[in-house]
Amino acid sequence: MNDRAAQRTGSIATQPLSVRVPRLPSRVRESLCRVRIGPVVIEICSEWAEAVQDFLRLYRGHEAGDGDDVGEEGGEDKCSGLSLIRMVVRRTGGSRWRGGRYTICGDGEELFTNLSADEVLPYLEWGVNYRFIATQRDYLQLHSAAMAYANQGVLLVGRSGSGRSTLTAALPAR
């Protein structure tokens with residue numbers, strides 16, 4: 001993605017990361033990445049490599065290693081304790097002039113459809129959060145902003161539009 005496209009889509013404009021591209025029997029080559037967040041390995045698969053690269057940029061430093069063995073989709077591996085969330089981004093339509101349209105599936109369930117390219121990354125993240133909540137019953141997920149200062153932390157929890165992000169962004173500037 002060039003810098004101009006990154007500004008238009010809101011994606012992070014950084015150097016591209018290497019993405020493992022497995023050989024597939026079909027004519028379509030898919031990009032694949034795996035990141036580990038706590039007890040979960042998230043696998044992103046898409047024929048649109050940019051979706052995978054954007055996700056990797058966002059989760060740089062969390063790439064899953066070869067020793068991160070996982071169970072089946074949404075299941076847990078008995079030895080490692082790791083679960084797998086498998087997300088798939090598919091192009092489902094669109095035209096050269098209107099742009100592509102995409103569908104996001106999580107663990108085999110169709111989650112979001114008819115997305116524009118600009119919507120893929122945020123919806124992919126929401127899909128990961130949805131699947132995490134559905135599979136990880138031992139964790140509590142909070143919609144909040146977090147800050148740390150002098151080895152102390154605070155969570156700002158509130159309704160949408162209440163100013164959590166604005167306050168979190170403004171405080172370091174003071």
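This is a predicted model: local features need pLDDT of at least 70, side-chain atom pairs count only at pLDDT 80 or more; totals for chains, interfaces and linings use all residues.
Mentor: The chain holds four helices and seven strands, and 34% of its 174 residues count as buried.

Trainee: Why is Gln 136 called buried?

Mentor: Gln 136 has a relative accessibility of 8%, and buried means under 20%, so Gln 136 counts as buried. This residue lies in the loop between H3 and S6, and, leaving aside its neighbours within four places in sequence, Gln 136 is in contact with Pro 39, Val 40 and Ser 83.

Trainee: What makes Leu 142 partly exposed?

Mentor: The value for Leu 142 is 43% relative accessibility, whereas buried means under 20% and exposed means over 50%, so Leu 142 falls in between and counts as partly exposed. Leu 142 is also placed in the loop between H3 and strand S6 (144-149), and together with Leu 140, Leu 155 and Val 157 it forms a nonpolar patch on the surface, with about 430 Å² of accessible area together.

Trainee: Why are the side chains of Glu 43 and Arg 86 said to meet in a salt bridge?

Mentor: A salt bridge needs a side-chain nitrogen of Lys or Arg within 4 Å of a carboxyl oxygen of Asp or Glu, and for Glu 43 and Arg 86 the N to O distance is 2.4 Å, so the pair counts as a salt bridge. The pair links distant parts of the chain, with Glu 43 in strand S2 and Arg 86 in strand S3, 43 residues apart. Arg 34, Glu 43 and Arg 86 are moreover linked in a network of salt bridges.

Trainee: Are Glu 43 and Arg 86 buried or partly exposed?

Mentor: Glu 43 has a relative accessible area of 9%, and is therefore buried by the cut-off of under 20%, while Arg 86, at 26% relative accessibility, counts as partly exposed.

Trainee: How do you know that Arg 57 forms a salt bridge with Asp 54?

Mentor: The closest N and O atoms of Arg 57 and Asp 54 are 2.8 Å apart, and the cut-off is within 4 Å, so the pair counts as a salt bridge. Both residues lie in helix H2, three residues apart, about one turn of the helix. Arg 57 counts as buried at 8% relative accessibility, and Asp 54 is likewise buried, with a relative accessible area of 8%.

Trainee: What makes H2 a mostly covered helix?

Mentor: Seven of the ten residues of H2 are buried, and these are Ala 51, Val 52, Gln 53, Asp 54, Phe 55, Leu 56 and Arg 57.

Trainee: Which residues have the most contacts inside the largest nonpolar core?

Mentor: That core has 23 residues, and those with the most contacts inside it are Ile 42, Ile 44, Phe 55 and Met 87. Several elements each supply at least two residues of this core, among them strand S1 (31-37), helix H2 (49-58) and strand S3 (83-95), and H3 gives the most, with five residues. Leaving aside its neighbours within four places in sequence, Met 87 is in contact with residues including Ile 42, Ile 44, Leu 111 and Arg 131.

How values were computed:
Residues are numbered from 1 along each chain as its sequence is written. Side-chain values use heavy atoms; hydrogens and water are left out. A nonpolar core is a set of buried Ala, Val, Leu, Ile, Met, Phe, Trp, Tyr and Cys residues joined through side-chain atoms within 4.5 Å. Buried means under 20% relative accessible area, exposed over 50%, partly exposed in between (1.4 Å probe, protein chains only). Contact means heavy atoms within 4.5 Å. Patches are made of residues with over 30% relative accessible area and no salt bridge: like charges are joined within 9 Å, nonpolar side chains (Val, Leu, Ile, Met, Phe, Trp, Tyr) within 5 Å. Accessible areas come from the Shrake-Rupley method with a 1.4 Å probe; for residues, only the protein chains shown count as cover.
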